[in-house]
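This report describes selected features of a protein model. Please read it alongside the sequence and the structure shown below.

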Amino acid sequence: MTEARRIVVKVGSSSLTTASGGLDADRVDALVDVLAKVRGGGEKEVVLVSSGAIAAGLAPLGLTRRPRDLARQQAAASVGQGLLVARYTASFARYGVRVGQVLLTADDTSRRAHYRNAYRTLDQLLAMGALPVVNENDTVATDEIRFGDNDRLAALVAHLVHADLLVLLSDVDGLYDGDPSRPGTSRIAEVTGPQDVEGVEIGSAGKAGVGTGGMVTKVEAARIAAEAGVPVVLTSASRAADALAGRDTGTYFHATGRRSADRLMWLAHASTPRGSLTLDDGAVRAVVEGRKSLLPAGIASVEGEFAAGDPVELRDREGRAVARGLVNFDAKEIPQLLGRSTRDLARELGPAYEREVVHRDDLVVLHP
């Protein structure tokens, strides 16, 4: 942790705002004090993924609670985002640190061209000594292209910028083996893999009521990052200094995998499938266990409307998504390919059909 050079820090709405809405200047300044100190010598780079735009816009618009409908959420975000960035800009200015705002939607990480552009922007901001403040672009995001919470966004950003560490800050000082408010529960200091959290009761809602995440989203974000080779610390905003100094606090999720190709990361965690292919048992084994390409002979049925190059789910006969991949054919072409060998298809339809429906290099297994 102390050797991490590029760090992504995510902070939740409840750690920045009052329960009634509106930014808590003291809380923002306290977080900025910690982050400015971490990057003070110039040896470390920090990317801040910050929630709080919608929550910050509640009080100025006369809203007493977070609205349920998307239109009013977007209105609150429109007002709150300016307030949030202005507060960060003023607070970091005390240390001579420039702030750069980066607003993303899920569309920006599910489209490869957007993904590369986001990386270049963030990398250039860091190279120029600025501190990027990343948030979901709530003002334009629709239900179909929303991350849903900034925890998953933070995990994807950590992979995007090749981070050495992800720190998730909330209003709870770590993952517990039960409800932290109940006597007898204890903090889980380390997670070395999914088996360490099996059977653990994980809450799904934040107690402040101004955010969308909860411990479930944080554990899922930690899993995504850890599987991509990025270790994670989960703790409270009040313990941020301890976490970034490498002291024993919160829950430490060990990296469980290696960094994957960018396109496989977005394919697994940021892409929206446009349709699905149901595989026979032999094809499921070949794809999941053998890590082989999907051939037409192994496909039983097709659903949805998609074009060549779109992401699709690969399902077993029970309907469980076992993999996701980029398909090489349009949806309307696939019915004539079902259950047939590539050799027969090439002979009848031409050499363009003597290929995989999903190549193994464009495929990620979801349930090994």
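## Surroundings of phenylalanine 329

Phenylalanine 329 is in contact (heavy atoms within 4.5 Å) with residues including Phe306, Ile334, Leu337, Tyr353 and Val357, where residues up to four places away in sequence are not counted. This is a predicted model, in which local features need pLDDT of at least 70, side-chain atom pairs count only at pLDDT 80 or more, and totals for chains, interfaces and linings use all residues. Residues are numbered from 1 along each chain as its sequence is written, and side-chain values use heavy atoms, with hydrogens and water left out.

Phenylalanine 329 lies in the loop between strand S12 (321-326) and helix H11 (342-349); helices (H or I, at least four residues) and strands (E, at least two) are DSSP runs, numbered from the N terminus. Its relative accessible area is 1%, so phenylalanine 329 is buried (under 20% relative accessible area, 1.4 Å probe, protein chains only). Tyrosine 353 is 24 residues away along the chain, and the two C-alpha atoms are separated by 9.1 Å.

## The buried side of helix H10

Helix H10 (residues 281-288) has buried residues at Ala283, Val284, Val287 and Val288. They are on the same side of H10 because they cover an arc of only 115 degrees around the axis, taken from the directions from the helix axis to the C-beta atoms. Among the elements that cover these residues are strand S9 (275-279) and strand S11 (311-315).

Terms used. Buried < 20%, exposed > 50% of the residue type's maximum accessible area, 1.4 Å probe, protein only.
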